[in-house]
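Trainee: Could we go through this structure together, slowly?
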Amino acid sequence: MRHYLDLAAVAGLLALAGCGKVAPPEPYGATPSPQQVEWQKMEMNMFAHFGPNTFTGLEWGLGTEAEDIFNPTALDCGQWAKVAKAAGFKGIIITGKHHDGFCLWPNPVSVHTVAQSPWKDGKGDVLKELSDACATEGLKFGVYVSPWDRNDPHYGTPEYNDVYVKTLESVHDGRYGTVFEQWFDGANGEGPNGKKQVYDWPRFHETVLKYQPQAIMFSDTGPGCRWVGNESGVAGRTNWSTLNIKGFTPGAGAPPRESLNCGDVHGACWHPAETDVSIRPGWFWRESENDKVKSLNQLLSIYYTSVGRNSLLLLNVPPDSRGLIHEADASRLMEFRKALDEIFKDNLADGAKVKATDVRGRGFSASNIMDGNYDSYWATKDGITEASVTFDLAGEKTFNRVLLQEYIPLGQRVNSFTIEAEGPDGQWKEIASETTIGYKRIVPTEKVTTSRVRVNLVAFAPLTINGFGLYMDNISDYSE
Ligand code: FUL
């Protein structure tokens, strides 16, 4: 009998628990694929522009460069990967082929490649060396394969699309392992016959996905991620990861710069912004620019206007003519890493008591924001799209950066928010007023000392917030 009662009690408890279970909010609008979420979590990747331009000093090679110009004296992709890893990048994207058409791998459909160069007696393969080095360091490997080709004689005719598809195949068919990102730049100049190429984008995309179904494809119109609309490292202060692409194509037919920079509210596709910018004035290495590597302050500012504005940062660090990342760039990257670690080491909101004006129910409490688990978040009830969350800090804290994260697997929904700090008089004072959050938003504020912070949010659907942080940046002078 006793035994029977116990079982009944347990069953009752289980039933109660079942009743208390609350369903998560419905996804809102366009949502990311699991690969796009993983990609966004990478936050910072390294771009490596390398090829004939590294030896000629040109930005856009002419395509007529002799192959023997490509002859790095000490190429060491292991060094690139070690520097990238130490700097905190999660992947490297290399210009396998830039507009001059020279291929850094022995592309079987081209006679303008490393195989025709004196480097390693024509037996070298930069993509092989870099993909192996990335694997050794636990970095992801990606490629830029320029559709525009100033060397290929077919360029400007339908045959070129066949050549380009075969070119893509020889990069993506598995010989270099998994490719996390394919970069399609939009430049589309004239071919040798004076004609512009009509690109077969659907076929290009199919080709990549056939071999690399997980690959994120970059272009002005996605489909994996979008260009941010400038090369200065600045995503929109308002930045939706959604974009409308109907009627647009990469290159000359790209969406307006404003859309690329800020996304489109309620846009039909999930095309998050990728901010590509060079650590040097040019995309390729030049001896004359060794003293023009961006300063620590500039790099930190770029970090805030890219990663801090719901974008991934793709920072170009071009290897030099030896085939190494130059000391000037490498040491600046180490300063950058050190500064980021210092600024973001201590989340001054850790240990805060979190209270929200609305909670969806069991499993969605406000304290989820601070639990460090990406997939647990605070959510509000259906119909509740405006709410405030208050952080009672573990004592008085001084900060000048506020970090917020939305749970993007369910879409991007916050449309505006304000941040307030409680003054010594008990009065709330607004310290920031902004629009979007997305995957990650870092808001600069004045230097504030307080023990209570409140965030007031307005969204298009129930709120889903999974991260909050307060940090003190004593290093950069960044403000908005
Ligand atoms: C552009 C190119 O024209 C530049 O040379 C550079 O590679 C940049 C990242 O993409 O489309």
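Predicted model: local features only at pLDDT ≥ 70, side-chain atom pairs only at ≥ 80, totals over all residues.

Trainee: OK, why is strand β14 largely enclosed?

Mentor: Strand β14 covers residues 414-422, and seven of its nine residues are buried, so the rest of the structure largely encloses it. Buried means under 20% relative accessible area with a 1.4 Å probe, protein chains only, and a strand is a DSSP run of E, at least two residues long, numbered from the N terminus.

Trainee: Which way does β14 run against β16, parallel or antiparallel?

Mentor: The two are antiparallel and joined by seven bridges, with β16 spanning residues 441-459; strands pair if DSSP finds at least two bridges between them. Within this pairing, Thr418 has Asn456 of β16 as its bridge partner.

Trainee: And what about β15?

Mentor: β15, residues 428-434, also pairs with β14 in the antiparallel sense, over six bridges, and Ala421 stands opposite Lys429 of β15. The two strands form a hairpin with five residues between them, and Gly426 in the turn has a positive phi of about 80°.

Trainee: Switching topic, how many cavities of 30 Å³ or more are there?

Mentor: There is one, where a cavity is a set of points, on a 1 Å grid over the protein atoms alone, where a 1.4 Å probe fits but cannot get out.

How values were computed
Residues numbered from 1 in each chain as written. Heavy atoms only, no water. Buried < 20%, exposed > 50% of the residue type's maximum accessible area, 1.4 Å probe, protein only. Helix = DSSP H or I, 4+ residues; strand = E, 2+ residues; numbered from the N terminus. 1 Å grid on protein atoms, 1.4 Å probe; cavity = no way out; pocket = protein on both sides within 12 Å on 5 of 7 lines; lining within 4 Å. Points joined across faces, edges and corners; volume = space filled by probe spheres on them.
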